[in-house]
Amino acid sequence: MGEKRHIKEQLEKILAQRIMILDGAMGTMIQAYKFSEEDYRGERFKDYEILLKGNNDLLTLTQPEAIKEIHRKYLAAGADIIETNTFSGTTIAMADYGMEDLVYELNFESARLAKEAADEFTAKEPHKPRFVAGSMGPTNKTASMSPDVNDPGFRAVTFDELRAAYKQQAEALLDGGADILLVETVFDTLNAKAGLFAIEEIKEERGIDIPIMLSGTITDASGRTLSGQTAEAFLISVSHIPLLTVGFNCALGANLLQPHLEAIAPKTDMAISAHPNAGLPNAFGEYDETPEQMGAQIEAYMKRNLVNIVGGCCGTTPEHIRVIAAIAAKYQPRQIQMLSK
């Protein structure tokens, strides 16, 4: 229990002193490599019967040096926390590729790679310790809504199936060296609750206190998650869990995300995180917002005392993180009341 509690206390101490920096987009950086189907397969999966291009989590096994290089670029840009390459690392999401059996290995190796990169930078700069957040994406199924418009009572996944899948992912991430578990891009709070329930089970079984970051996503101009919650309702529905941070990521650019951060900031003592997209996608699905444009919008968060951790989601690069980190260094973090006793 000692090590994880030490990490949580270390994080809380840093959060009280300054705004921490999360990394940027993994997918955006992977796209720059222009990997082919053969690159995704590598030698190990060269005869696999399903097309694998697009399974970014698999690159941890087939292109590990590229993934580690991406981590290093974000760390060099000033990230305090890097996310593992495991956004789709559950049996539920990996079923699309028939790779459910690889889930433990994918998560373990992703955490190990990220931890090695983080430790390199901590060793070089002991005054600025680096941390690994195990990324736990929302899966591609929802527990609250039916995918069939003609059968509103139908559910493609159950709470218990989600709990079991998240538990396997979280255990592998922790075994591989993750310091934090980040349940992110939450579009359905029931999915997130299954993940949080699984983490609480692991905490009890292992006798450890795992720092948890929880990040929802507001999907459109309605200001609600896909399952219909406002930012404030999302906060209230997860406030019973002892979280390190609560916040939002993805879907919106920094300026459009700000009202939702303003909605929760006065209503919680928890630290708040935000990692928005680099604006909204253009007609080609690409993100055009420059590091300077995005930095100026995120600076507004800091001027209004809204955030404790900031980073980037879709479309962001190490240069975006470098600019955001330089701006954050000029501001005090939002004052919070920590939970550690």
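**Touring a predicted fold**

Visitor: Which residues of H13 are buried?
Guide: This is a predicted model, so the answer comes from its computed accessibility. Buried here means under 20% relative accessible area. On that cut-off, the buried residues of H13 are Pro-318, His-320, Ile-321, Val-323, Ile-324, Ala-325, Ile-327 and Ala-328.

Visitor: Why is helix H13 largely enclosed, and by how many buried residues?
Guide: Helix H13 runs over residues 318–328, which gives 11 residues to check. It is largely enclosed by the rest of the structure because the buried ones number eight.

Visitor: What covers the buried residues of H13?
Guide: The cover includes both helices and strands. On the helix side there are H2 (26–32), H5 (64–76) and H12 (291–303). The strands among the cover are E1 (20–21) and E8 (309–310).

Visitor: How compact is the protein chain, going by its radius of gyration?
Guide: The chain comes to 13 helices and eight strands. For 341 residues the globule rule gives 20 Å, and the chain is close to that, so it is as compact as a globular protein of that length. The radius of gyration itself is 19 Å.

Visitor: What share of contacts between residues at least 6 apart joins residues at least 24 apart in sequence?
Guide: For background, the C-alpha trace spans about 55 × 50 × 50 Å along its principal axes, and 57% of the 341 residues count as buried. Among contacts between residues at least 6 apart, the share joining residues at least 24 apart is 77%.

Visitor: At what angle do the axes of H7 and H8 cross?
Guide: H7 covers residues 103–124 and H8 covers residues 159–176, and their axes come within 7 Å. The crossing is right-handed. Its angle is roughly 35°.

Visitor: Which residues in H8 does H7 meet?
Guide: From H7, the residues taking part are Val-103, Tyr-104, Asn-107, Phe-108, Ala-111, Arg-112 and Lys-115. By class, the contact has six nonpolar, four polar and three charged residues. On the H8 side, the partners are Gln-168, Gln-169, Ala-172, Leu-173, Asp-175 and Gly-176.

Visitor: How many disulfides does the structure hold?
Guide: Take Cys-250, which is in no disulfide, with the sulfur of Cys-314 as its nearest cysteine sulfur. Those sulfurs are 3.8 Å apart, too far for a bond, because a disulfide needs the pair within 2.5 Å. The count for the structure is zero.

Visitor: Is Cys-314 buried or partly exposed?
Guide: Cys-250 sits in strand E6 (residues 245–253) and is buried, with a relative accessible area of 16%. Cys-314 has 26% relative accessibility, and buried would need under 20%. So Cys-314 counts as partly exposed.

Visitor: What is the phi of Thr-185?
Guide: Thr-185 is in strand E4 (residues 180–186) and is buried at 9% relative accessible area. Leaving aside neighbours within four places in sequence, its contacts are Phe-87, Pro-138, Ser-215, Thr-217, Asn-249 and Cys-250. Thr-185 is not a glycine either, yet its phi is positive, at about 55°.

Visitor: Which residues does Gln-258 contact, leaving aside neighbours within four places in sequence?
Guide: Gln-258 lies in helix H11 (residues 254–264). With 11% relative accessibility, Gln-258 counts as buried. Its contacts beyond those neighbours are Gln-297, Ala-300, Tyr-301, Arg-304 and Leu-306.

Note on methods:
Residues numbered from 1 in each chain as written. Predicted model: local features only at pLDDT ≥ 70, side-chain atom pairs only at ≥ 80, totals over all residues. Heavy atoms only, no water. Axes fitted to C-alpha atoms, helices over the stretch in contact; angles between N-to-C directions. Helix = DSSP H or I, 4+ residues; strand = E, 2+ residues; numbered from the N terminus. Left-handed = near helix turned anticlockwise from the far one by under 90°. Contact = heavy atoms within 4.5 Å. Nonpolar A, V, L, I, M, F, W, Y, C, P; charged D, E, K, R; others polar. Buried < 20%, exposed > 50% of the residue type's maximum accessible area, 1.4 Å probe, protein only. Rg over C-alpha atoms; globule rule 2.2 N^0.38 Å.
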